[in-house]
Amino acid sequence: MSVLSGKKVLLGITAGIAAYKSAYLVRLLIKKGAEVRVIMTPSAKEFVTPLTLSTLSKNEVLSSFTNEEDENAQWNNHVELGLWADLFLVAPATANSLSKMSQGNSDNLLIATYLSAKCPVYVAPAMDLDMYAHPSTHETFKKLESFGNIIIPAAHGELASGLVGKGRMAEPEDIIEFLEKDISEKLPLKGKKVVITAGPTYEPIDPVRFIGNHSSGKMGYAIAETAADLGARVILVSGPTHLNTDHSNIQVVKVTTAAQMYEAVHEHYESSAVAILSAAVADYRPADVADQKIKKNDASLTINLEKTQDILASLGAVKKDQFLVGFALETENELENAKTKLKKKNLDLIVLNSLNDSGAGFGTDTNKVTFVTAHNKVIPFEVKSKHKVAEDIWQHIIQEIHA
Ligand code: CTP
């Protein structure tokens, strides 16, 4: 999946001949799963029609502060547009518009929106070779870079003037590749390995029976997918579930028992930056596993259980620089029990689930959690989707590990 998937992309089109390629750029962005809105400078409409762009982007195209042709004209709010965007791409970016951006000369909607935008701004310059080589253009680039804007270098080739040189807008495919690479490299978990456990464990009684629990694995899979989207290399140690993931950053290690989960987690823990144990691990397993199916005989059957290893506590005991997160599922004295677990297992964060809350727990798509931090700070959250809970967890961890 592309890092552009789900991103809100604002495409600014200025008046260069390369504007005809913007239609294709919109298509490529949409194909990558981005949501696209287009703003044009008034003269850009001479090069490509707003109708083409609104059809491809499935959104109205804006080019002025008010819609002049409409008698009920409304103010097009550049501040709202600037804040909406996750990413602002100006392509093609003419020498004139780039210069205005560097000066803050907001005499059109596009530049006003640029001044309001808080997101990363990318520009794909397009101009003739002599304009591209001119010292004032270089000064403009330097100034824009000093604002944190990112220049997508122009390409070498035949120009609209008939001359050959550097100044052509990068091809749409190359712009997409540039964006994907740049975004990936800047992801907050880039270069970090994380290990996550999910799902139940099954502890065999005989060849056909086991002791298990109702965990669906949804919370752990959501945590793994969110981490992968944030750039981490994820080892997902999963007990038996119906879930699957084909995220290219996730390696799934399938296990059945608590003992297998213990082995798999320890194999990866030392080289990991973060470990999050969300699996519902059996605390006890049959002391003896029958070789053959147990036949019914007497009125009752007693199975001797022995303790499994506490994986989370074992990680806490050998913790070095890892950020270690546990879950706690409680039905009474929730906060006190969670705080005790946090200390006893040497954790950096505990995510508390209460079975008393509706919308929380096994099998549901939602969860209601409370964070208890290593400094005993208690942070309660509303009921939300497990994916949103996963985002909250990672946001907290990223803040802590970058602090
Ligand atoms: N856990 C683990 N290994 C076990 C049991 C639990 O790693 N053998 C982890 C779970 O993945 C979870 C945390 O420990 O992150 C807490 O699990 P929970 O069942 O709430 O608590 P326990 O410590 O097992 O204590 P109790 O069941 O007595 O509440």
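**Salt bridges, a ligand shell and some backbone details**

Hi everyone, let me start with one lysine: K142 counts as exposed, at 53% relative accessibility. Before I go on, please keep in mind that this is a predicted model.

So what does K142 do with its side chain? K142 forms a salt bridge with E139, and the closest N and O atoms of the pair are 3.5 Å apart. Both residues sit in helix α7, which runs over residues 135-146, and they are three residues apart, about one turn of the helix. As a general point, side chains of opposite charge can pair when their charged atoms come close.

How many salt bridges are there? The count comes to 17. Let me show you two more of them.

The next one pairs E180 with K32, at 3.3 Å from N to O. This bridge links distant parts of the chain: E180 belongs to helix α8 (residues 172-185), while K32 is in the loop between α1 (22-31) and β2 (35-40), 148 residues apart. Is E180 buried or exposed? E180 is buried, with 18% relative accessible area, and it counts that way because the cut-off for buried is under 20%.

Now to the overall layout. The domain assignment of the chain gives domain 1 as residues 8-185 and domain 2 as residues 193-401. Their C-alpha centres lie 46 Å apart.

A polar backbone atom of L277 is 2.6 Å from a ligand oxygen. For L312, a backbone N or O atom lies 2.9 Å from an oxygen of the ligand, and for F327 the corresponding distance is 2.8 Å. As for cover, the ligand on its own has 570 Å² of accessible area, and the protein covers 76% of that.

The peptide bond from A91 to P92 is cis, with omega near -5°. P92 is part of strand β3, residues 87-93.

Next, where is K58? K58 is in the loop between α2 (50-57) and α3 (78-84). This residue is not a glycine, yet its phi is positive, about 60°. K58 counts as exposed, at 66% relative accessibility.

N333 also has a positive phi, near 40°, in a residue other than glycine. You'll find N333 in the loop between β16 and α12 (334-344). N333 is exposed as well, with a relative accessible area of 56%.

Conventions
Residues are numbered from 1 along each chain as its sequence is written. This is a predicted model: local features need pLDDT of at least 70, side-chain atom pairs count only at pLDDT 80 or more; totals for chains, interfaces and linings use all residues. Side-chain values use heavy atoms; hydrogens and water are left out. A polar contact is a pair of N or O atoms within 3.5 Å; within protein, one must be able to donate a hydrogen and the other to accept it, and residues adjacent in sequence count only if both atoms are side-chain atoms. Accessible areas come from the Shrake-Rupley method with a 1.4 Å probe; for residues, only the protein chains shown count as cover. Domain bounds come from an automatic or database domain assignment. A salt bridge is a side-chain nitrogen of Lys or Arg within 4 Å of a carboxyl oxygen of Asp or Glu. Helices (H or I, at least four residues) and strands (E, at least two) are DSSP runs, numbered from the N terminus. Buried means under 20% relative accessible area, exposed over 50%, partly exposed in between (1.4 Å probe, protein chains only).
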